[in-house]
Amino acid sequence: MQNQQPIYFCRRGWRAAAIMHLTCAAILMPTWVMAQTAEPVTEQPVDVEVFQAAHFLSMSGDFYPRSELAGNREGWVYLNMMIDPQGTPYEITVLESSGNPALERAAVAAAKATRFSPALQGNTPIDSSLTAPFKFEIHAASSGASSQFTRKYRSFARALKTNDRAEADKILPTLKGNNLYEQAYEHYARFGYFERWGTPAEQLDALTLAVANAGASGSRQLYLPSDTFARALASKFALEVKTQDYSGALNTWSKLEPRTPEENR
């Protein structure tokens, strides 16, 4: 998945980032021709075309659902969409999310109300694909976990420590995070469960959700403690290598490397 700066919905306002790519080409004279000519041969450059990705221009409307604001519920959504040469998005699909259907619908609605500058191949507008993360955040809600969530999390942690699967099975379905801070802990707890009683695929899914909104470009904060976040990244990297998801492993390593002591790299 292409990493981009998240689009924030902090009640109102958002931002997006565009990416620039440069492709170059040169025509080289074959060596057998060089051997047969007395004239020196030089590389023949050709014109290069700059590809510029589609990027945000404007959006009208406030798309944070009132029901989720009232319930202090935060979340995130990754959308993939096509942008036509007029800058209009189409074929909008949800790639991943924190699991809140209301926020998924809101992200899609926001994308439909957004105008983009289309991608350019040279000076020509073209259709292009864009992956955009949407983050729905209420500042007050992200300051920490509620006392109710904290009690459940601690009880679940004790069940894991004592390998009490029956107790863990009872608590896990009720361990639902409302804000981004709680959601990171919820999914890290799920990783702990699947590490003991699940599959590598379940572990990887849980870790992906646990670190989805921390440590990436544009992220505002870490929701897990720094050392826990680093361990989660290391576990995710190991699982991606084990399952031969090398693209995912490279992306994870880009976040893990700055947190890894030089002697362990």
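A residue is taken as exposed when its relative accessible area is over 50%, as buried when that area is under 20%, and as partly exposed in between. By this criterion Asn-163, with a relative accessible area of 51%, is exposed; the residue is placed in the loop between α4 and α5. Most residues other than glycine have a negative phi. Glu-91, which belongs to strand β8, is a further non-glycine residue with a positive phi, of about 50°. At a relative accessibility of 57%, Glu-91 likewise counts as exposed.

The model described here is predicted, and its confidence is therefore reported alongside its architecture, pLDDT being the predictor's confidence in each residue on a scale from 0 to 100. The average pLDDT of the chain is 80, and 75% of the residues reach a score of at least 70. Confidence is highest in helix α5 (residues 165–171), at 97, and lowest in strand β2 (residues 20–23), where the mean is 26. The pLDDT is below 50 over residues 11–38, although this stretch has 50 contacts in the model beyond near neighbours in sequence. Residues 215–220 also stay under 50 in pLDDT, and for them the model has 20 contacts beyond four places in sequence.

The secondary structure of the chain consists of nine helices and 12 strands. Of its 265 residues, 39% count as buried. Among contacts in the chain with a separation of 6 or more, 68% are accounted for by residues 24 or more positions apart.

Two helix pairs were examined in terms of their packing geometry. Two packed helices are described by the angle between their axes and the distance between the axes. Helix α4 (residues 147–161) packs with helix α6 (residues 180–197) at an angle of about 15°, the two axes lying 11 Å apart. Angles under 35 degrees count as roughly parallel, and α4 and α6 are therefore roughly parallel to each other. Their crossing is left-handed. On the α4 side, the contact is made by Phe-149, Tyr-153, Phe-156 and Leu-160, while α6 contributes Glu-182, Tyr-185, Glu-186, Tyr-188, Ala-189, Gly-192, Tyr-193, Arg-196 and Trp-197. Divided by class, the residues of the contact of α4 with α6 comprise nine nonpolar, one polar and three charged.

In the second pair, the axes of helix α8 (residues 226–242) and helix α9 (residues 246–256) come within 8 Å and cross at roughly 160°. Angles over 145 degrees count as roughly antiparallel, so that α8 and α9 are assigned as roughly antiparallel to each other. The crossing of α8 and α9 is left-handed. From α8, the residues Ala-230, Leu-233, Ala-234, Lys-236, Phe-237, Glu-240 and Val-241 meet Tyr-246, Gly-248, Ala-249, Thr-252, Trp-253, Lys-255 and Leu-256 of α9. The contact of α8 with α9 holds nine nonpolar, two polar and three charged residues.

Ser-98 is situated in the loop between β8 (89–97) and α3 (101–112), and with a relative accessible area of 18% it is buried. Leaving aside neighbours within four places in sequence, Ser-98 is in contact with Glu-74, Gly-75, Trp-76 and Gln-183. Ser-98 and Lys-135 are 37 residues apart along the chain, and their C-alpha atoms are separated by 9.8 Å.

Thr-174 occupies the loop between α5 and α6 and, at 37% relative accessibility, counts as partly exposed. Glu-195, found in helix α6, counts as partly exposed at 46% relative accessibility. Glu-195 and Ala-206, which are 11 residues apart in sequence, lie 10.0 Å apart in space from C-alpha to C-alpha.

How values were computed
Residues numbered from 1 in each chain as written. Predicted model: local features only at pLDDT ≥ 70, side-chain atom pairs only at ≥ 80, totals over all residues. Heavy atoms only, no water. Axes fitted to C-alpha atoms, helices over the stretch in contact; angles between N-to-C directions. Helix = DSSP H or I, 4+ residues; strand = E, 2+ residues; numbered from the N terminus. Parallel < 35°, antiparallel > 145°, perpendicular 65-115°, else oblique. Left-handed = near helix turned anticlockwise from the far one by under 90°. Contact = heavy atoms within 4.5 Å. Nonpolar A, V, L, I, M, F, W, Y, C, P; charged D, E, K, R; others polar. Buried < 20%, exposed > 50% of the residue type's maximum accessible area, 1.4 Å probe, protein only.
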